[in-house]
Structure formats: C-alpha cells, structure tokens
Amino acid sequence: MSIGQATRRVEGPQKVTGAARYAADVYPTGTLHAVIVGSPVAAGRVTAIDAARAGAVAGVVRVLTHVDVPKLPRLEMPVAITHVPLQSDEIRWEGQAVALVIAQALEAAEEAAALVHVSIAPTDALIPGKGRLETPPDIGLWIVNGTKGDPQRGFEAAVKRIEQSYFQPTRNHNPMETSACVAQWSGDELTIWDSTQFSQNPRQVLAMAFGMPQEKIRVIAPHTGGGFGAKGYVWPHEILAAQAAKIMGRPVRLQLTRAQMYSMVGHQPECRQTITLGASRDGHLTAMRHAAINTTSITDMQFEGPGTATRTYYASPAIDIAHQVERVNLVHSTPMRAPVEGPGSWALESAMDELAIALGIDPLDLRLMNFAETEPFDGKPWSSNQLRAAYAEAADVFGWRNRAAMPRQDGVWSLGRGMSMASTFCARFPSEARVRVQGDGSVIVEGSSNDIGTGNQTLIVLVAAEALGIDPRTVTFKWGDTRLPTAGPVYGSSHTMGMGGAVRLAALEVRRKLAAHGASAEGPLDLPALMRDANVSEVTGEGKFEFGDAPMSMNGSGTPYAMQSWGANFVEVGVDRDLGLIRLRRVVARYSAGRIINPLTAKSQMIGAIIWEWGKATMEASVVEPRHARFLAKNLSNVAVPVNADIPMNAIDVGFVDEFDPHASPIGARGIGELGATGVAAAIANAIHDAVGVRVREVPILPHHILEALAKDGATR
Ligand code: MOS
C-alpha cells in the first residue's frame with residue numbers, strides 16, 4: 001500500500017455495507033420534505049396557481065409559489081442559473097420550478113405536488129437548431145475566437161483539404177445519486193448537507209442569496225453518488241431548500257427525482273462542429289479551422305469550447321477557431337463527462353482519420369508527423385508530454401502495425417480498427433490542507449474535499465503517507481465539511497493535483513517542525529518515537545497549493561508551461577451489415593498524465609470513461625421533442641447507456657506511461673479527470689469506417705445510419 005501500487009479504496013467497506021452516508025440520508029429533528037412542481041411548458045408566464053387541493057392533503061404544511069417567496073438579489077457564478085425559479089411568473093424552460101410543496105412526509109408532498117394546478121400563458125419556445133445565435137464573450141478560460149498564422153494561405157497551399165461537419169446531441173449526466181440537499185437554519189446560521197462536487201460553491205451562492213457572510217454557512221458534503229458535472233455548480237433546488245427552511249423555521253429536505261435531473265441540473269449541450277484541415281502531400285498540416293456551435297439557455301451562458309482540441313492537439317502553422325452559442329428554451333447547459341475536448345475530439349479526431357484516408361497515410365503516422373512539440377497556438381513548452389510513448393505502447397499492445405493480417409470477418413461481424421488521440425485540459429485550483437500528527441504518532445489529514453466516487457480519499461492517504469515516510473494505515477482523512485481547510489473542487493483533473501499537492505506541502509511542514517527531534521527531510525519517519533521525544537499531544541502542518549492570486553489555472557495559464565494530459569486510443573469493432581448492429585470488441589489505451597498515484601482507481605476511472613464513450617458513440621442521446629421543447633425521455637429506461645452486456649469481459653486494456661510532471665503539481669501528477677472520455681467516440685467511428693466503409697458524422701451512431709449508408713453505396717461493397 002503505497003504510491004504507484006494498486007490500492008483498494010479506504011472507504012470501500014463503508015460503501016458496500018451501506019454504512020456510507022449521502023446528503024439526503026440526514027434527517028435533523030423536525031425535518032420537512034419539499035417536492036418541486038415543474039412547469040409543463042418551456043416558455044410563458046404563470047397566470048394562476050390553484051393549490052387548494054394540494055393544501056388539503058393530510059400532512060401538507062405549505063405550498064410556496066412566486067407570490068410568497070421573498071425576492072433574492074441578483075446572483076452570479078457559481079450559481080448555474082441566475083434566473084432563479086419562484087422569483088417571478090416567467091417560465092424559461094420545461095420543468096422549471098413553479099411551486100414547492102412542503103409536507104411532514106415525502107409521500108404527502110409527492111401526492112400534493114401532482115394536485116397543484118398551474119395556469120400558464122405559453123409563448124413560443126426556441127428549440128435546438130432554431131435558436132438564437134450569439135458569439136460568446138471571452139471568459140478567459142478557453143479561447144473563444146482566435147487565429148494563429150494565415151489560415152487562408154495555409155488552405156491554399158494544401159494539396160489535400162477536407163471539410164466536414166460533425167454532430168453530437170444533448171446528453172444528461174445521470175449520476176446514480178440524484179441531486180439532494182437538507183437545509184437547516186439555527187438563528188442566523190445556515191447548515192446545508194449537500195450533494196456537490198465543490199462545497200465552497202453552495203456556500204458562496206447562499207451567502208449572496210441571503211446577504212450573509214460565508215462564515216455563517218456550513219456545507220457538509222459527505223459521500224456524493226457521482227457528479228459528472230451535474231453537481232459542479234449550484235442549481236435552484238439548493239437555493240429553494242434554504243429559502244423554504246428559512247420560511248418554515250424548520251429543516252427542509254429536498255431530493256430531485258430522476259426525471260427532474262433532466263430539467264433542474266443541466267446537461268451537455270448539443271454541439272455542431274465543422275472541421276477544415278489542409279495538408280501537404282506528405283501529410284503535414286498547413287492549416288486547421290474549427291467552427292463550433294453549442295446550445296445554451298436563454299438565461300445564462302455556457303460556452304462548451306470544443307475548438308480547444310484544435311488549439312492543442314497538433315502542430316500547424318495556421319489555426320482558426322470560431323465558436324458560437326445558440327440560445328434555446330431548455331434548462332441551462334453545463335460541463336458534463338469530458339466537456340470541451342470531449343465534443344472537440346469527436347469532431348477533430350474523426351476529421352484526422354478522413355484526412356489520413358484521403359492522403360493514403362496510416363492514421364497513426366499522420367498524428368506522429370503532426371506531433372506538437374510545443375503548444376500549437378502560442379508555442380509554450382509542455383510541462384511534460386509523453387504522448388509519443390503512449391502511442392508506441394498502445395499501438396504495440398493492440399497490434400496496430402500488423403492489422404492488415406488480422407481477420408476482417410467473424411461470423412456475421414465485419415471487423416474494423418480505428419485509432420485516435422485522447423487529450424484533455426489540465427485544470428488546477430488552489431487547495432489547502434492540514435496534517436495533524438497525534439501524540440501516539442497516528443496522523444489525521446484534513447481538507448474540505450468532496451468524494452464523488454473516484455477514490456480520492458485513498459489517494460490523499462497515500463500522498464500523506466509517502467510525504468511522511470509512514471505506513472498509510474496510520475493515516476485518517478477527514479473531508480466533506482467547510483469547517484476543514486478549504487480544498488479545491490472535484491472537477492476535471494483538479495483534485496489529485498490540488499489537494500494532493502496541498503497535503504504533501506503540509507506533511508513537509510510537519511517534517512520541518514519535528515526536525516529538532518530528529519526528523520529527517522526525507523525517507524521514513526518513526527512518528528511515535530518523534531512525538532514521544534517532542535512530548536506534545538499534536539504537531540500540525542499546513543499546506544497550500546496555489547499559483548499567485550489566480551482563482552484557477554487552465555492549461556498551465558499563469559505559468560511558463562502549457563499543461564495538457566494525453567493518450568492514445570485503439571479500438572476494434574464488429575459491424576453486422578444486415579442489421580446495422582455495432583459491437584465493441586476491444587480497446588487498448590495508454591495515457592500520459594504525470595505520476596499515477598493509485599493505478600487501481602486510475603485504471604477504473606479510464607475504463608469507466610471509455611464505457612461512457614461507447615455510450616456516446618453508439619447509444620446515448622437526450623432527444624428534444626420539438627413541439628414542446630422538452631426531453632422525450634427522462635429516465636434510464638428510455639435513454640440508452642451501456643450495461644455489462646455491451647462491454648465484453650477484459651475488452652478494455654488501459655495503462656499509463658511512467659512519468660513525473662514536476663511543474664503541474666508537487667506530487668508529479670497532472671490529473672487524469674475525464675481524459676479517458678476523449679477521442680474514443682472518433683476511434684469507434686473510424687473503426688466502423690474501417691469495417692464497412694461507412695463514415696457516420698453523427699453520434700450516437702445507430703443501426704439505421706449504417707443501413708442507410710450501406711444501401712446508398714452498398715452495392716459496390
Ligand atoms: Mo467533470 S464535467 O469536470 O465533473
């Protein structure tokens with residue numbers, strides 16, 4: 001049990017025995033239950049609400065509407081939606097809260113919610129494809145619009161030029177645990193148990209909403225049952241629960257239903273992208289253009305930024321990036337399971353395959369030829385980049401160079417192989433941690449981290465144990481409470497670097513404090529002996545991972561280095577030409593992501609991400625019904641996602657290149673985050689093309705796409 005060794009989760013037994021507690025498992029004395037009533041239409045005004053029948057249900061204590069909820073000041077990020085429900089009669093999306101039923105029991109609140117009668121004067125809703133286009137403002141995190149070099153000249157100089165458009169639908173996060181919170185006031189202090197990826201966010205938003213200092217708000221976030229971005233920002237239910245608790249003078253518990261997760265916490269927006277690539281005869285890129293449109297809500301701005309892939313993936317003398325957003329009457333969109341390069345790599349890595357075929361060059365060679373020695377857009381050196389090693393190892397294990405000798409048919413299955421690059425941003429957030437050595441030599445590590453199921457408690461224990469040169473079994477991690485030192489969020493790739501870095505720095509301070517008693521600067525420590533010698537009950541060290549005053553750093557921003565994590569995906573699929581069915585046969589992926597702290601959870605995370613991408617490539621879509629601007633299905637029985645039967649045993653082989661990134665974090669890690677969910681969808685589409693000669697530029701790739709394309713030019717194949 002140490003860094004680099006596969007280590008089982010320290011919280012595993014708690015989770016599998018049901019002992020682990022989640023936000024909605026808390027029932028303070030006198031808890032009331034709140035259920036949200038959503039708008040049946042996507043745009044309009046509430047003209048009347050008749051809550052008489054709802055109010056008559058036994059146990060119902062109140063039905064709140066916009067008429068009786070106090071007005072809030074204007075809220076800003078990190079609130080996801082500044083148009084907070086129950087603040088006016090306006091309706092901006094289907095499912096938006098129009099009433100909140102509060103009852104003694106959940107069953108009573110649910111029964112009454114169905115009896116609230118809402119009269120609405122509807123107006124026309126904007127739907128995806130028919131919304132209002134806008135150029136997003138520059139938010140400074142990802143490039144919105146920008147040009148390097150002279151793209152026009154580059155395209156004119158190209159011997160081969162391809163231009164294609166790629167579609168990705170709206171998708172929903174669907175974590176196992178639906179979002180939930182319990183709010184309790186005690187005088188002018190608020191405690192909220194919340195299902196969140198970053199406890200500081202509800203704290204900041206609720207302080208804004210109630211005009212109170214953040215110090216008076218405590219967020220307790222125990223285990224969180226998955227997030228995938230849905231719990232990244234603060235959504236209306238968290239504000240409504242706190243408002244209701246204040247009005248009622250009692251704790252209020254609110255948990256969204258699965259269907260409400262489709263209209264109250266965001267989704268990945270629909271993305272339409274056009275890629276233009278120009279190349280010389282020998283395959284060097286002469287120019288690249290990436291134009292993308294993502295849908296977003298009427299009320300707020302989410303800029304997906306898929307063109308970031310074209311900014312960072314390949315060396316090119318000329319790069320042009322143009323993003324737009326399309327305003328639609330849907331709940332606000334938000335980052336989800338590989339935002340930014342997830343959609344971006346679907347388009348770019350499909351286009352690179354098309355270019356390779358047009359040039360008659362092996363797709364791996366095309367990528368190696370255009371390997372970016374430095375950041376392609378501004379020329380900054382990489383903090384570390386072992387992508388070449390990842391390509392080499394993955395290609396070798398897959399047998400890529402020998403694929404011409406591999407079978408092309410297995411029964412009804414036509415076989416094909418495809419590959420792609422994986423790459424994602426390196427988001428780093430400041431984090432603080434405390435290490436407390438107890439009199440008996442045992443160690444408590446503290447930080448307000450959140451646990452979304454990725455294994456970060458185990459990782460923190462390993463980092464602390466290594467930094468102190470002690471047995472990890474003597475380390476306990478306390479997290480999930482804003483009374484602990486302020487950890488950064490659990491977004492993207494950030495927690496390992498942020499909290500991991502802070503914990504290491506805190507541990508090193510402990511070593512310095514114990515130096516007078518014989519502690520060395522490195523190597524193993526005998527903490528019980530050192531503490532006996534020091535003769536104190538506790539020695540603490542504080543650590544802070546930060547970069548000047550910047551609230552966060554994306555892609556190494558604010559440093560002399562560009563930071564990005566990398567990988568190589570190789571995929572084999574089978575396609576049934578008669579039925580259009582697609583089957584996953586095997587995937588080999590290798591990654592360059594800095595030092596890997598716990599290979600067991602890191603591999604699990606990448607395997608999970610590849611399975612997400614199998615879903616994205618062949619199954620998953622939240623289809624918007626155009627007449628009512630609502631999702632056609634709002635559950636897991638009508639939105640297909642991969643299950644065990646879709647993923648053959650041992651089909652997915654992942655691994656990491658041995659690497660230490662000294663610039664990204666004090667522990668050498670660069671963060672894996674959602675890296676495994678980049679590029680894979682394109683590799684699958686590329687493999688399908690290899691199998692049956694059909695190029696599908698829309699995900700999910702469904703049997704009818706294959707059959708229609710085969711019928712069109714199938715006679716020749
Ligand atoms: Mo990920 S979309 O940053 O949870």
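Predicted model: local features only at pLDDT ≥ 70, side-chain atom pairs only at ≥ 80, totals over all residues.
## What counts as a contact

Contact here means that heavy atoms lie within 4.5 Å.

## Helices α5 and α6

Two packed helices are described by the angle between their axes and the distance between the axes. Let's start with helix α5, residues 200-210, and helix α6, residues 236-248: their axes come within 10 Å and cross at roughly 50°. That angle makes α5 oblique to α6, and the crossing is right-handed.

Which residues of α5 and α6 meet? On the α5 side they are P202, V205, L206 and F210, and on the α6 side E238, I239, A242, Q243 and K246. Sort the residues of this contact by class and you get six nonpolar, one polar and two charged.

## Helices α9 and α16

Next up are helix α9, residues 341-359, and helix α16, residues 680-692. Their axes sit 7 Å apart, and the helices pack at an angle of about 35°. The crossing of α9 and α16 is right-handed.

From α9, the residues in the contact are S345, W346, E349, S350, D353 and I357; they meet A681, A682, A685, N686 and H689 from α16. By class, that's five nonpolar, four polar and two charged residues.

## A look at the cysteines

How many disulfides does the structure hold? The count is zero.

Are C181 and C426 buried or exposed? C181 has a relative accessible area of 0%, so C181 is buried. C426 is buried too, with a relative accessible area of 0%. The cut-off for calling a residue buried is under 20%.

Terms used. Residues numbered from 1 in each chain as written. Heavy atoms only, no water. Axes fitted to C-alpha atoms, helices over the stretch in contact; angles between N-to-C directions. Helix = DSSP H or I, 4+ residues; strand = E, 2+ residues; numbered from the N terminus. Parallel < 35°, antiparallel > 145°, perpendicular 65-115°, else oblique. Left-handed = near helix turned anticlockwise from the far one by under 90°. Nonpolar A, V, L, I, M, F, W, Y, C, P; charged D, E, K, R; others polar. Disulfide = S-S within 2.5 Å. Buried < 20%, exposed > 50% of the residue type's maximum accessible area, 1.4 Å probe, protein only.
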